[in-house]
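Look over the sequence and the model before reading on.

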There are 2 protein chains.
Amino acid sequence: MTNTQDDFWCVIPAGGAGTRLWPLSRSGAPKFLHDLMGTGRTLIQSTVDRLEPLAGDHLLVVTGRRHVEAVAEQVPQVARGRLLAEPSPRDSMAAIGWAAAVVEQQDPDAIIGSFAADHVIGEEARFRELVEQAVAVAREGYVVTLGIEPTYPATGFGYIREGDALGVEGAPDAHAVVEFVEKPDLPTAEKYLATGEYRWNAGMFVVKAKVLLDLLATWHPELTAGLRRIAADPSRLDEEWDSLERIAIDHAVAEPAAAAGRVAVVRCDVPWDDIGDFHSLAGLLATASAVDDARADGGSTSDAGTGDTALHTVGTADVVSVDSTGIVASRTGRLVSVIGMDDVVVVDTPDALLVTTRGRAQHVKGVVDTLKASGRTDLT
Amino acid sequence: MTNTQDDFWCVIPAGGAGTRLWPLSRSGAPKFLHDLMGTGRTLIQSTVDRLEPLAGDHLLVVTGRRHVEAVAEQVPQVARGRLLAEPSPRDSMAAIGWAAAVVEQQDPDAIIGSFAADHVIGEEARFRELVEQAVAVAREGYVVTLGIEPTYPATGFGYIREGDALGVEGAPDAHAVVEFVEKPDLPTAEKYLATGEYRWNAGMFVVKAKVLLDLLATWHPELTAGLRRIAADPSRLDEEWDSLERIAIDHAVAEPAAAAGRVAVVRCDVPWDDIGDFHSLAGLLATASAVDDARADGGSTSDAGTGDTALHTVGTADVVSVDSTGIVASRTGRLVSVIGMDDVVVVDTPDALLVTTRGRAQHVKGVVDTLKASGRTDLT
């Protein structure tokens with residue numbers, strides 16, 4: 001484990017309820033606190049594991065007050081003073097901007113990299129190499145994003161349109177960003193892929209703390225001033241927080257900065273997923289299992305993830321299955337028997353059971369909305 | 001409630017694990033102890049309710065020793081001395097024959113009617129009228145069975161081939177029986193239905209106790225003698241029971257008696273089901289719900305049971321469903337959410353969960369066999 005860049009800080013925003021992963025993910029125990037991949041590490045633990053070789057103890061986690069205890073327990077290596085507890089959710093700009101202001105206080109020239117607590121990333125050594133490229137570009141004053149090479153015409157992510165190569169030393173994969181575009185419909189996504197110019201926007205940003213805040217001050221001066229006041233005097237947190245503007249970092253900084261020619265993208269060719277729903281989780285588990293099988297065989301993994309001919313489990317599910325594919329997640333220890341189900345999703349928790357298919361995984365959110373609307377928030 | 005026939009006794013064999021209804025039905029709590037139809041009465045309670053108007057307190061239940069307490073609690077109107085507790089399962093001839101011998105001891109001319117504890121029967125007034133016809137025929141010395149009018153070419157039941165009308169007074173629906181045939185394959189079942197001569201064998205027999213035992217003595221003298229010795233001296237039960245021949249009443253008496261021209265059938269045109277599996281249960285619940293709807297509308301029920309466009313529940317299942325059909329049975333009180341599942345079967349119990357489809361309902365037994373084979377009998 002090496003930390004060659006003392007001025008580099010990792011910021012891990014740990015938010016989002018992961019509603020489409022209900023009833024595993026709950027508002028009281030969101031996605032990032034779960035070991036969804038069956039690796040023995042929760043998503044936030046894996047995120048910290050992935051970043052520690054880059055950042056050492058320069059790790060900041062921004063999370064909701066109600067999750068601070070759980071986060072502290074799961075990632076004890078993140079110093080208590082570096083767990084920033086949001087009094088309430090105020091979207092990604094406030095979360096990341098607060099961390100940037102805290103870092104700026106300590107080291108005005110420091111660079112921050114912001115990486116969500118609940119994404120899955122493969123080929124971690126290569127990933128860290130790409131982050132180091134991003135750091136090199138950030139040193140030049142850019143806002144740098146890592147743009148994921150799209151593997152299919154996804155309609156669930158925003159896209160980044162890249163321009164010419166930047167030619168920054170130590171960053172051969174860095175290009176200028178022409179624009180950020182919103183989640184497209186399918187024909188548009190297909191067009192994007194055909195051009196070869198588009199990357200998925202995974203919300204990963206690397207930038208000097210001061211550059212981020214100064215850019216933000218151009219378009220959102222009050223928000224910036226509030227964040228800097230909190231960083232200078234933490235006792236002002238409660239007083240300031242609720243009046244901070246609610247806005248996503250993409251709209252607040254990335255899009256206008258791209259229009260101003262201030263954004264770069266590093267082409268990120270490693271496997272990435274935000275585990276948006278059970279369809280996505282099942283696909284990841286299928287890939288992971290294919291990789292394991294290929295390793296066991298000493299063979300190639302190039303076909304991994306295309307088929308899903310098995311029933312995968314999350315957690316210590318005790319499963320007896322016949323002719324079934326899909327995913328069983330259990331938190332109860334009960335026997336789960338599945339017979340003749342294709343692409344099924346079974347999620348078994350002490351107070352709620354979900355049965356659906358991978359194809360309907362997007363509709364889980366609707367059930368959570370129904371429960372909330374009927375006042376059954378104990379289950380959400 | 002009238003009991004016009006003081007010499008008529010009802011015998012209710014309460015056995016069978018109902019393995020294809022696992023994990024609702026267990027060896028320790030078989031099908032007949034459950035309120036599968038959501039009527040507020042368990043199957044054995046409904047059976048007793050149906051027969052009391054015919055038999056008054058002339059009711060005998062034959063069940064396994066481990067179920068005696070549960071049966072006594074569920075049907076307290078069956079006198080304690082009329083709960084016959086089998087030391088071990090020895091098939092239907094021993095169970096019904098024991099009850100016949102007990103009745104014969106009390107009244108040598110009495111007639112018994114044997115009706116399983118776990119069947120569902122509709123149009124109960126008509127059913128009782130048909131049983132009274134069967135009693136009239138039994139008085140003439142016949143072994144009388146109630147043959148169910150088949151509604152589809154079932155391959156899961158044996159069939160009864162009927163001959164000429166018998167012309168017994170008070171029994172216009174009674175015919176001679178030509179033969180009993182085993183469960184057919186589908187083409188054979190279709191042929192049976194086309195002839196109009198075949199009825200389903202539902203295992204319902206009405207016969208003088210002495211006639212049954214005397215016929216049995218012709219082909220199985222030792223079994224008959226053992227049963228009569230137990231009835232004469234109940235203290236001999238444990239000593240005699242385990243050496244009784246294991247044989248079904250169909251093979252032991254019904255088939256040979258039919259060949260000897262001693263069996264009659266009363267055409268039974270009421271709805272009947274043995275709830276063999278979750279497919280069958282789901283169909284029954286769909287029919288019951290269609291009947292309820294039609295009643296609420298004051299309309300006809302003639303279409304009942306053909307469609308299944310709803311998700312039906314067994315027990316106090318707390319269900320949130322979207323675009324789903326089939327059945328949810330819950331014993332846990334948890335929220336069960338089902339999204340986009342056709343003809344699904346979800347059975348939620350404290351220690352085991354089953355997810356399958358109506359089409360695969362027959363394969364549930366295989367899972368139970370797997371569990372038994374791996375020594376997990378706590379779950380079966």
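A cavity is a set of grid points where a 1.4 Å probe fits but cannot get out, and its lining residues have an atom within 4 Å of a point. The model described here is predicted.

**Enclosed space**

- The count comes to 1 cavity of 30 Å³ or more.
- About 40 Å³ of space lies in the largest cavity.
- Its lining consists of B:Ala17, B:Thr19, B:Trp22, B:Ser25, B:Arg26, B:Ser27, B:Val368, B:Lys372 and B:Thr380.
- By class, this lining has 3 nonpolar, 4 polar and 2 charged residues.

**Salt bridges in chain A**

- Over all chains, 56 salt bridges are counted.
- One of them joins the side chains of A:Arg26 and A:Asp351, at 2.7 Å from N to O.
- A:Arg26 lies in the loop between strand S1 and helix H1, and A:Asp351 in the loop between strand S16 and strand S17, so the pair ties together parts 325 residues apart in sequence.
- A:Arg26 is buried at 13% relative accessible area, whereas A:Asp351 is partly exposed at 31%.
- A:Asp214 forms a salt bridge with A:Lys210, with 2.8 Å between the closest N and O atoms.
- Both residues lie in helix H6 of chain A, 4 residues or about one turn apart.
- A:Lys210 and A:Asp214 also belong to a network of salt bridges with A:Glu104 and A:Arg228.

**A salt bridge in chain B**

- B:Arg126 and B:Glu129 meet in a salt bridge of 3.0 Å, N to O.
- The two are 3 residues apart in helix H4 of chain B, about one helical turn.
- B:Arg126 is partly exposed at 22% relative accessible area, and B:Glu129 is partly exposed at 42%.

Notes:
Residues are numbered from 1 along each chain as its sequence is written. Chains are lettered from A and ligands numbered from 1 in the order in which they are written. This is a predicted model: local features need pLDDT of at least 70, side-chain atom pairs count only at pLDDT 80 or more; totals for chains, interfaces and linings use all residues. Side-chain values use heavy atoms; hydrogens and water are left out. On a 1 Å grid over the protein atoms alone, a cavity is a set of points where a 1.4 Å probe fits but cannot get out, and a pocket is an open set with protein on both sides within 12 Å along at least five of seven lines; lining residues have an atom within 4 Å of a point. Grid points are joined across faces, edges and corners, and a volume is the space filled by probe spheres set on the points. Ala, Val, Leu, Ile, Met, Phe, Trp, Tyr, Cys and Pro count as nonpolar, Asp, Glu, Lys and Arg as charged, and the others, Gly among them, as polar. A salt bridge is a side-chain nitrogen of Lys or Arg within 4 Å of a carboxyl oxygen of Asp or Glu. Buried means under 20% relative accessible area, exposed over 50%, partly exposed in between (1.4 Å probe, protein chains only).
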